[in-house]
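Please examine the sequence and the structure shown below.

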Amino acid sequence: MTSPLRRPRVLVIGAGFGGLAAAHELSRDDLADVTVLEKAADIGGVWRENTYPGAACDVPSNLYSYSFARKTDWGRRYAEQPDILGYIHDTADRLGLRDLVRTGVEVTSAAYDDSTATWSVATSGGEVYEADVLVPAVGQLSRPALPAIPGLDTFAGPSFHSAQWRHDVDLAGKRVAVLGTGASAIQFVPRIRETAKHVTVFQRSAPYVVPKPDRAYTDAHHAAFRRVPGFAAAMRTLIWEISEFFGLALTRVAPLAQLIGVAASLNLKRHIKDPVLRAKLTPDYQIGCKRVLFSSEWYPALARENVSVVTDAITEVAPTGVRTADGRLHEADVVVYGTGFKATEFLAPMTITGRDGRDLHAEWAEGARAHLGMAVPGFPNMFLIYGPNTNLGTSSIILMMEQQARYIRQLTRELARGGAARAFEVRREVEQAYDEDVQSRLDRSVWTTCQSWYRTASGRVTTNWPGLVHEYQRRTADVALADYMEVRPRSAAKAVNA
């Protein structure tokens, strides 16, 4: 006799692209009772938080969007932050996902209850939520990182991280010190330079920067996307395959990476004529080791008279500016930190307690790890979105998030079919074999040839997936239930044995 269906209670943490994808997939056909907890006042994730001037995606908008929510009227080939956030809002409203979200609710801890095979989730406001399935979807790039430099708190003027932009600070006519030359800085520096008196960019290592073939979409483009059958889908597929080609260059075929390096070198030589500045902006590490950046504005901005690039090490932030190792004080009115995120500190600062009192961060003391980036031994019915080793060096992370949501749906459906309370926990030997394979491939990759935000202090790459998106999709297309053991509530087990 078939067990009756039940609707598992699913708790998703985070209402960005990943959390909303999970909510959509798990609530389809009334499969589960889904609640999304979001600590901020609105949905949107990184695209709600990052409002700095020039914020935009470096993946074409046709691909950087849900496959189940196509948009035909993007303003540009590479969408800017307001358009992306608007897309998230529109999609959530149209699919009824916003009704599942409770905003202003910050999760502080989650604990698995062995006696009931459920999760108890506590919030900073004192509320407690119960769930059968826990889906953390807080992302890898959600917690800003500030550099460990003496004197950060002594600066007399405004100072802030690019992900916490102070729009109340007028930069017109100001001397602005920018620490960092990563993906955010190459977007906002060209914009703030237009009004600032002077911008001093402090660079620790020069990025590889290739031209960004951006353009505004015309009415003809929009008409073609709407009216020509299959045009939008074909364009999405083409962009995807091109991004996979670049992924192949970074993960398997090193000679192809050199072609990207040539494009970056030509971009540098085209815009930077001063040999001294060009030398400063020439990377001294293997291409792909750090994130390759896309911009057609970065080098032209650095060549302007009101922008200077400093490569001397910073020794301190003083009340009136930034001091470097040569003893010079670079005076500034405003300091902006474009210093990235705490990408390797997965699920921090939440406390996650699994079966038999296991502490997740203790389990991850040597670096975060999870089977397929989603399942952790000892933590039944907890499945991550955008977890360890699922970041991409190229392509659209949304493709990975959608696939993870589909995989979690399969497990949730199995739970629903089972009737009685139970949980799935990945077998430790399965996770161990998977991790050994992934780390072995990563050890041979370009990402281990220098230090970057992809790696922990010990050198382990915990962020990136070593293959292509197509491979990840194949490996997660169907859940192998043999990879999991079934965990029953201890109370039920005692009743059976009594």
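**Cavities and the disulfide**

The largest cavity holds about 80 Å³ of space. A cavity is a set of points on a 1 Å grid over the protein atoms alone where a 1.4 Å probe fits but cannot get out, and lining residues have an atom within 4 Å of a point. This is a predicted model, in which local features need pLDDT of at least 70, side-chain atom pairs count only at pLDDT 80 or more, and totals for chains, interfaces and linings use all residues. Residues are numbered from 1 along each chain as its sequence is written, and side-chain values use heavy atoms, with hydrogens and water left out.

Of the 13 residues that line the largest cavity, Gly-247, Leu-392, Gly-393, Thr-394 and Gly-467 are the closest to its centre. Helix H6 (residues 231–251) gives the most to this lining, with four residues; helices are DSSP runs (H or I, at least four residues), as are strands (E, at least two).

The second largest cavity holds about 40 Å³ of space and is lined by Asn-62, Ser-65, Arg-70, Lys-71, Thr-72 and Ala-232.

The structure holds one disulfide, a pair of cysteine sulfur atoms within 2.5 Å. Cys-289 is joined to Cys-450, with an S to S distance of 1.9 Å. Cys-289 lies in the loop between helix H8 (275–280) and strand E12 (293–294), and Cys-450 in the loop between helix H12 (428–443) and helix H13 (469–476), so the pair ties together parts that are 161 residues apart in sequence. Cys-289 is buried, at 0% relative accessible area, where buried means under 20% (1.4 Å probe, protein chains only). Cys-450 also counts as buried, at 13%.

Key:
On a 1 Å grid over the protein atoms alone, a cavity is a set of points where a 1.4 Å probe fits but cannot get out, and a pocket is an open set with protein on both sides within 12 Å along at least five of seven lines; lining residues have an atom within 4 Å of a point. Grid points are joined across faces, edges and corners, and a volume is the space filled by probe spheres set on the points. Buried means under 20% relative accessible area, exposed over 50%, partly exposed in between (1.4 Å probe, protein chains only).
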